[in-house]
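Below is a short note on the salt bridges, pockets and surface of this model. Please read the points alongside the structure.

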Amino acid sequence: MHHKVNVNNVTVVLSKPKYSGNVGSVARCAKNMGVERIMVVNGQNLLEQDILQMSTHCAADVVSQIQYFGNLGDALAPFHYIVGTTSRKGSARGPVISPRELAEQLVQLSHENEIALLFGSEDKGLANEELRYCNAIVTIPTAGDFKSINLSHAVMILCYEILTARLDKTAAFVPRMATSGEVEGMYAHLKAILTRIGFLNPENPDYWMMHIRRFLSRTKLYSRDVKIVRGICRQIDWSIDNCGAGSDQAKPREF
């Protein structure tokens with residue numbers, strides 16, 4: 001039974017950061033809380049010298065190991081559990097939890113799974129198409145109507161809650177989940193087959209896929225679950241292609 005979050009399995013992912021200094025500040029804040037892995041996706045005109053200046057020499061090792069990606073899906077593909085952050089709420093964004101609630105969930109989850117904390121750009125945050133990758137969405141509570149929080153401050157708050165989280169009650173062991181790459185492959189397969197059988201409107205399939213994503217995200221998907229869903233999709237494909245061919249026996253599918 002684990003009683004603390006394994007911060008070694010936690011990575012901060014910055015999507016479209018605009019300012020080098022903010023990336024440096026994020027590196028410093030994350031390291032303060034024991035999180036030393038950072039990814040930057042679609043960073044625009046970032047200068048390493050400015051990043052290092054704001055990170056200070058204490059977090060220079062974190063800066064030197066930052067991984068840079070040009071595509072969010074590629075960056076997130078290895079992760080099993082992805083947490084999005086937003087200050088905006090709405091029906092399209094689904095239910096949100098607090099940083100403390102998230103931290104409690106990660107106590108057990110983080111020991112067998114890679115966790116990504118996903119943050120959006122300083123001016124716009126995460127768009128809906130970025131949030132679709134997320135298993136959970138976190139909002140940091142604020143007083144009054146001013147809800148915008150500095151990027152590095154938001155990282156510090158989440159990482160602080162994760163560092164200090166302790167499990168005081170008995171919880172079941174949480175095994176390794178499906179990676180984002182596996183889940184995205186499943187959703188692409190589902191989208192194709194549901195469009196083929198006429199369940200999705202071909203003119204706007206992503207609208208209903210959003211609801212399907214939300215429905216399936218209520219449970220933790222393991223690799224075998226994903227294989228079963230994709231096996232069903234392959235069986236439907238095979239049945240459609242062989243309908244009326246005179247076969248009395250369905251072709252077996254392995255999960």
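**Notes on a predicted model**

1. Glu161 and Arg100 form a salt bridge, with their closest N and O atoms 2.9 Å apart. Glu161 belongs to helix α7 (residues 151–164) and Arg100 to helix α5 (residues 99–109), so this pair ties together parts that lie 61 residues apart in sequence. Glu161 counts as buried because its relative accessible area of 12% is under the 20% limit. The model is a predicted one, and the distances should be read with that in mind.

2. A salt bridge also joins the side chains of Lys191 and Asp206, at 2.8 Å from N to O. Here the link is between helix α8, which holds Lys191, and helix α9, which holds Asp206; the two residues are 15 apart. Lys191 is partly exposed, at a relative accessible area of 29%.

3. Which helices does the pair Asp237 and Arg196 tie together? The side chains meet in a salt bridge of 2.4 Å, N to O. Asp237 is in helix α10 and Arg196 in helix α8, so parts 41 residues apart in sequence are tied together. Both partners are partly exposed: Asp237 has a relative accessible area of 23%, and Arg196 has 41%.

4. At least two lining residues come from each of β4 (81–85), α6 (128–131), β6 (136–138), α8 (180–196) and α9 (205–216). By class, the lining has 21 nonpolar, 9 polar and 10 charged residues.

5. The second largest pocket holds about 390 Å³ of space. Its lining has 21 residues, and those closest to its centre are Thr85, Thr86, Ser87, Gly125 and Ile149. The lining of this second largest pocket divides into 7 nonpolar, 8 polar and 6 charged residues.

6. On the surface, Ile197, Phe199 and Ile240 make up a nonpolar patch, together giving about 280 Å² of accessible area. Ile240 sits in helix α10 (residues 223–241), the helix that also holds Asp237. Is Ile240 buried, partly exposed or exposed? Its relative accessibility is 34%, so Ile240 counts as partly exposed.

Terms used. Residues numbered from 1 in each chain as written. Predicted model: local features only at pLDDT ≥ 70, side-chain atom pairs only at ≥ 80, totals over all residues. Heavy atoms only, no water. Helix = DSSP H or I, 4+ residues; strand = E, 2+ residues; numbered from the N terminus. Nonpolar A, V, L, I, M, F, W, Y, C, P; charged D, E, K, R; others polar. 1 Å grid on protein atoms, 1.4 Å probe; cavity = no way out; pocket = protein on both sides within 12 Å on 5 of 7 lines; lining within 4 Å. Points joined across faces, edges and corners; volume = space filled by probe spheres on them. Patch = residues over 30% accessible without salt bridge, like charges linked within 9 Å, V, L, I, M, F, W, Y side chains within 5 Å. Areas by Shrake-Rupley, 256 points an atom, 1.4 Å probe, with all protein chains shown as cover. Salt bridge = Lys/Arg side-chain N within 4 Å of Asp/Glu carboxyl O. Buried < 20%, exposed > 50% of the residue type's maximum accessible area, 1.4 Å probe, protein only.
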